Amino acid sequence: LVTPSYNQGDYIERAIKSVVDQNYPNLEYFIQDNQSLDKTGEILKKYKPKLTGYEQCKDSGQSNAINRAFSKCSGEIMGWLNSDDEHLDGTLSFIAGFFQDNPNVDVVYGNRIMINQKGNHIGRWVCPNHDNKTMYYADFIPQETMFWRKSLWDKVGSRLDESLSFAMDWDLILRFQKSGANIKHVNRFLGLFRVHEEQKTMKNISDI
């Protein structure tokens, strides 16, 4: 698991705790921070003993940060959690068990709960069964709930498209599909997606 980070000091501790407090025994968790100017650095130092590692250096954007972080990990199951989102308790064990019980599945994702700045629930995103054709028209997969096998990641090039500042997860899903991946939805809430004014998409949605 990896987290790209930039000036989300108000939320990143909650993201980290949502991962490490699950006490999943085989966890690799690396955080790539783009030299945040807020309290992120202090928080990363605080949790250093519970992380595989972290790096604070200049990157060229979210996709580049995620690629850098993944290059530091070797886990057979992969996923990323943005620094203002969270995982629900039990998610990591559930995902590991699902992949173990379903060796023919390459990608799995679930449902999300939407939260506000204070962490209050403001909505729910319940997905239908996966449909490859629909994915060409709309990205309905909650990114923080999506996990995939490293063998599939290697098959599609082992990296996100760094020319993309938005929808890099959608591009990755379409590449997964093109490679013949078996993608499944599970009807279980796995993640918390935070909606707030400093969210990258919200800040730029009117201009881009």
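In helix 6 (residues 168–178), the buried residues include M168, D169, L172, I173, F176 and Q177. Buried stands for under 20% relative accessible area, exposed for over 50% and partly exposed for what lies in between, with a 1.4 Å probe and protein chains only. Helices (H or I, at least four residues) and strands (E, at least two) are DSSP runs, numbered from the N terminus. An α-helix has 3.6 residues a turn, so residues three or four places apart point the same way. After helix 6 comes G180, with a positive phi near 95°.

This is a predicted model, in which local features need pLDDT of at least 70 and side-chain atom pairs count only at pLDDT 80 or more, while totals for chains, interfaces and linings use all residues. Residues are numbered from 1 along each chain as its sequence is written, and side-chain values use heavy atoms, with hydrogens and water left out.

**Aromatic contacts**

The structure contains 7 aromatic pairs. Rings of Phe, Tyr and Trp (its six-membered ring) pair if their centres lie within 6.5 Å; planes under 30 degrees apart count as stacked, over 60 as edge-to-face and the rest as tilted. F70 and W148 make an edge-to-face pair, because their ring centres are 6.0 Å apart and their planes stand at 75°. F70 belongs to helix 3 (residues 62–70) and W148 to strand 8 (residues 147–149), so this pair ties together parts 78 residues apart in sequence. F70 and W148 are both buried. W148 also pairs with F176 in a tilted arrangement, 5.7 Å centre to centre and with 55° between the planes. Here too distant parts of the chain are linked, with W148 in strand 8 and F176 in helix 6, 28 residues apart. The relative accessible area of W148 is 1%, and that of F176 is 0%. Ring pairs join F70, W80, W148, W153 and F176 into a cluster.

**Salt bridges**

There are 9 salt bridges in the structure, each a side-chain nitrogen of Lys or Arg within 4 Å of a carboxyl oxygen of Asp or Glu. The table lists some of them.

| Salt bridge | Closest N and O atoms |
|---|---|
| D10 and K39 | 3.8 Å |
| K150 and D154 | 3.1 Å |
| R159 and E162 | 2.7 Å |

The D10 and K39 salt bridge links distant parts of the chain: D10 is in the loop between strand 1 (2–5) and helix 1 (12–20), and K39 is in the loop between strand 2 (30–33) and helix 2 (40–46), 29 residues apart. D10 is exposed at 56% relative accessibility, whereas K39 is partly exposed at 41%. K150 and D154 lie 4 residues apart in helix 5 (residues 150–155), so about one helical turn separates them. K150 is partly exposed at 26%, and D154 is partly exposed at 38%. R159 is partly exposed at 40%, as is E162 at 31%.

Strands pair if DSSP finds at least two bridges between them. Strand 9 (residues 183–194) runs antiparallel to strand 5 (residues 86–87), with 2 bridges joining them. Strand 6 (residues 107–115) runs parallel to strand 9 and is joined to that strand by 8 bridges. L192 of strand 9 is the bridge partner of E86 and also of I113.

A charge sits over a ring if NZ of Lys or CZ of Arg is within 6 Å of the ring centre and within 35 degrees of the ring normal. The charged end of R112 lies over the F193 ring, 4.0 Å from its centre. The charged end of R188 lies over the F94 ring, 4.3 Å from its centre.
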